[in-house]
Amino acid sequence: MEAVLQTRGLLSLPPNATRIRSLLNPSQGLKQRLFATKPLGLNGLSLSYKRVRSVVAKPNGLSPKGKSFICKAEAAAAAADGQPLYGETQPPKFLGIELVTLKKIIPLGLMFFCILFNYTILRDTKDVLVVTAKGSSAEIIPFLKTWVNLPMAVGFMLLYTKLADVLPKKALFYTVIVPFIAFFGAFGFLLYPLSNYIHPEALADKLLAVLGPRFLGPLAILRIWSFCLFYVMAELWGSVVISVLFWGFANQITTVDEAKRFYPLFGLGANIALIFSGRTVKYFSTLRQNLGTGVDGWAVSLKGMMSIVVLMGLTICFLYWWVNKFVPLPTRSKKKKEKPKMGTMESLKFLVSSRYIRDLATLVVAYGISINLVEVTWKSKLKAQFPSPNEYSSFMGDFSTATGIATFTMMLLSQFIFNQYGWGVAASITPTVLLLTGVGFFSLILFGGPLAPTLTQFGMTPLLAAVYVGAMQNIFSKSAKYSLFDPCKEMAYIPLDEDTKVKGKAAIDVVCNPLGKSGGALIQQFMILTFGSLANSTPYLGGILLVIVLAWLGAARSLDTQFTALRREEELEKEMERAAVKIPVLSESGNGSLASSSSLNAAAGDSTESSSETSTPSSV
């Protein structure tokens, strides 16, 4: 028998021949590489698409007549093209989606629903607690974000980095999320009912009398410390549970192709959560109005809402356990470089030295600064319009519902944007939307006086108009963030190695997120000290917003270039690994039946003792 490679009819070019040539190294001819002393890829075989008549290798002990051993180049082409190999079966599908993919996507969508449902309740509740509390106001927010939230975020990042080195991923997830669930349950049933006993109001009053009203904000942190702790834990829920735990887990179990297809759709379920949680907050706000006199309606509402938060938290833990138990992890490229374990400072130095991580950090910090420049000013107007906790909370419930509806609509468009225009355009939409809506909000504040007669005809005061325009600015900005900015940011982590992915997310999402908000707060504090008030500094805040957004757009363009290069490299590595499978060698008998036989590599190994000649197989 003879081992036969018949190019005519066998070495047919696949549709993407140029791509396969780059994988299969066309620099050497087929004959030279077939009979090379050392194997050259594809388990000893490397093929090029040079058209030769035929090459015959005669292994020892094989007769020139009889069965012919045929190796088809289409096997390698199909492997590199992502098609199933010989003998490989198609995975089961439902509605065109593989079942193993559905087993990942549906639980992830439910997890995101529960996490964002909780976050909406916590976000609306934290604002009501600290803004409407006795002896406090919206001016407490910049001080909270700068001097309480940021240090706690940095401390958590350092602790998380240490825990990531010593705990497995599952234990790390539970170690982080369980304290959040326990705290929110304890706040609703213990800390808030005891707030009159544990808050040092008398001490705060004495210090305020000595230091003066300029220290109202910092002293309010001391006065209502348990409310401030709730505020910080609610902020950290957004940074830690959403950004680090959920998205880190999603990036771990999904591929880039799945992410492009399904990450934008995660927000559909999540923003249904926004709508329902907004209605939940609205319901409890109405419930407080219907309670009898002498009943602390806010305490009743907190118990109900915190019970829901705890229930949702336990559901998140169950879904995480189920996915880890029943869903297989995707196969990553085997050519990722293994990085040595680094200490905390080494990790920070490594992250800072990475241009990719710096650009990601710029995106997150720029968003935090930009949204904060508008949001704090808007909340000060909001308290002036709705001074009571019931009115304030009711408006925030409507605001969350409107945000959910707007984001749901944007989610429907986001997959089209990703497919049609790519990652770079999708990442640039959020800063553009934020800039345009921010300009409208600041313009209304600056020129509200001249517009007052016109607004009166519509039944609105300049203050109410500023509240509504600011709400629209927040709704459009947050909907663009949830539907485009967050999926873009999370996709950018997927091509990174595991060590950079885990520690990079901890540094960016836990530290840079509050750093951006604190940066905006520091800018506002500086403006207040320099110009006397936020109203006087509004034109300068608008100019700063423009500079920040331009830097944001520049980082997005830079990251788009790097992300595209990493994706191409990862695809090339995976295709080379897939093409490097052992090509099956088929023996064909005279009656046309196929039987497996030895590999063509054996024929190539004995080529030094055989001759090369033109031949025609006995039967093909």
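Buried means under 20% relative accessible area, exposed over 50% and partly exposed in between, computed with a 1.4 Å probe on protein chains only. The model is predicted, with local features needing pLDDT of at least 70 and side-chain atom pairs counting only at pLDDT 80 or more, while totals for chains, interfaces and linings use all residues. Residues are numbered from 1 along each chain as its sequence is written, and side-chain values use heavy atoms, leaving out hydrogens and water.

**View 1. Tyr 367 in helix H14.** Helices (H or I, at least four residues) and strands (E, at least two) are DSSP runs numbered from the N terminus. Tyr 367 has a relative accessible area of 6%, so this residue is buried. Not counting residues up to four places away in sequence, Tyr 367 touches Leu 434, Lys 478, Lys 481, Phe 485 and Trp 552; contact means heavy atoms within 4.5 Å. Phe 485 lies 118 residues from Tyr 367 along the chain, and their C-alpha atoms are separated by 9.4 Å.

**View 2. The largest cavity and its lining.** A cavity is a set of points, on a 1 Å grid over the protein atoms alone, where a 1.4 Å probe fits but cannot get out; lining residues have an atom within 4 Å of a point. Grid points are joined across faces, edges and corners, and a volume is the space filled by probe spheres set on the points. There are 2 cavities of 30 Å³ or more, and the largest has a volume of about 380 Å³. Of its 28 lining residues, Tyr 119, Tyr 367, Lys 481, Asn 513 and Lys 517 lie nearest the centre. The lining has 11 nonpolar, 4 polar and 13 charged residues, where Ala, Val, Leu, Ile, Met, Phe, Trp, Tyr, Cys and Pro count as nonpolar, Asp, Glu, Lys and Arg as charged, and the others, Gly among them, as polar.

View 3. H10 gives the most, with 7 residues. The largest cavity lies between domain 1 (93-329) and domain 2 (342-578), because both give residues to its lining; the domain bounds come from an automatic or database assignment.

**View 4. Helix H5 against H14.** The axes of H5 (residues 140-166) and H14 come within 10 Å and cross at roughly 140°. Axes are lines fitted to C-alpha atoms, for helices over the stretch in contact, and angles run from 0 to 180 degrees between N-to-C directions. Ile 141, Pro 142 and Lys 145 in H5 meet Asn 372, Glu 375, Val 376 and Lys 379 in H14. By class, this contact has 3 nonpolar, 1 polar and 3 charged residues.

Notes: On a 1 Å grid over the protein atoms alone, a cavity is a set of points where a 1.4 Å probe fits but cannot get out, and a pocket is an open set with protein on both sides within 12 Å along at least five of seven lines; lining residues have an atom within 4 Å of a point.
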